[in-house]
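Let's take a walk through this one, from the overall fold down to a few single residues. Have the viewer open while you read.

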Amino acid sequence: MITMMDACLDELQDALSGLQRRSLATFFAACAERLLPLYQHFWDKEQWGNPELMREVLDDVWSHLQGGHMPDVKRRLEEVGVLIPHGDDFDAPDSTFAQDAAICVDASLRASSTDENVDVRWVEY
């Protein structure tokens, strides 16, 4: 049975699949901007993670999208990767929201690089 949420996600994925990488990077960066306060809230509560680094990485993406230099994507992906909380270690929903924020930062970084794979299904986050 397809839910309304599934139908909306399918429609959004279809729309995103027609975008160029730069537009995908912009989309995911905008999503990350809206979710980053939830990562900060998680950090405030759990004292785990690094919201300053997430902000820095997202700023790198925005700078690149505005014509600045390309960040060291591999290094930045590694930094973000270790800052994604795992649900088994923390209580939901805060950890889930922090995961979603970090995944959107990761997706924006990947989309801004031609060397990384991008999957429009990440819009689920």
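A residue counts as buried here when its relative accessible area is under 20%, as exposed when that area is over 50%, and as partly exposed in between. By that cut-off, buried residues make up 38% of the 125 residues in the chain. Keep in mind that this is a predicted model.

**Overall fold**

The C-alpha trace spans about 45 × 40 × 20 Å along its principal axes. If you look at contacts with a separation of 6 or more, 70% of them come from residues 24 or more positions apart.

In soluble globular proteins, nonpolar side chains tend to be buried together. In this model the largest nonpolar core holds 34 residues, and those touching the most other members are L24, L36, Y39, M54, V57, V105 and L109. Helices α1 (4-17), α2, α3, α4 and α5 each give two or more residues to this core.

Which residues does Y39 contact, leaving aside its neighbours within four places in sequence? The list is W48, G49, N50, P51, M54, L83, P85, A98, A101 and A102.

| Residue | Relative accessible area | Class |
|---|---|---|
| D106 | 13% | buried |
| R110 | 22% | partly exposed |
| M70 | 31% | partly exposed |
| Q47 | 52% | exposed |

D106 sits in helix α5 (residues 94-111). Its relative accessible area of 13% is below the 20% limit, so D106 counts as buried. Beyond its sequence neighbours within four places, D106 is in contact with L77 and V80.

R110 is also found in helix α5. Setting aside neighbours within four places in sequence, R110 is in contact with R21, L77, E116, N117, V118 and W122. The C-alpha atoms of R110 and A25 are separated by 7.5 Å, although the two residues are 85 apart along the chain.

M70 belongs to the loop between α3 and α4. Leaving out neighbours within four places, its contacts are H64, S112 and S113. With S113, the C-alpha separation is 7.9 Å across 43 residues of chain.

Most residues other than glycine have a negative phi, and most peptide bonds are trans. Two spots are worth a look with that in mind.

Q47 is not a glycine, yet its phi is positive at about 55°. You'll find Q47 in the loop between α2 (21-46) and α3 (51-65).

Where is the cis peptide bond with omega of about 5°? That bond joins A92 and P93, and P93 lies in the loop between α4 (73-81) and α5.

Conventions. Residues numbered from 1 in each chain as written. Predicted model: local features only at pLDDT ≥ 70, side-chain atom pairs only at ≥ 80, totals over all residues. Heavy atoms only, no water. Buried < 20%, exposed > 50% of the residue type's maximum accessible area, 1.4 Å probe, protein only. Contact = heavy atoms within 4.5 Å. Helix = DSSP H or I, 4+ residues; strand = E, 2+ residues; numbered from the N terminus. Core = buried A, V, L, I, M, F, W, Y, C linked by side-chain atoms within 4.5 Å.
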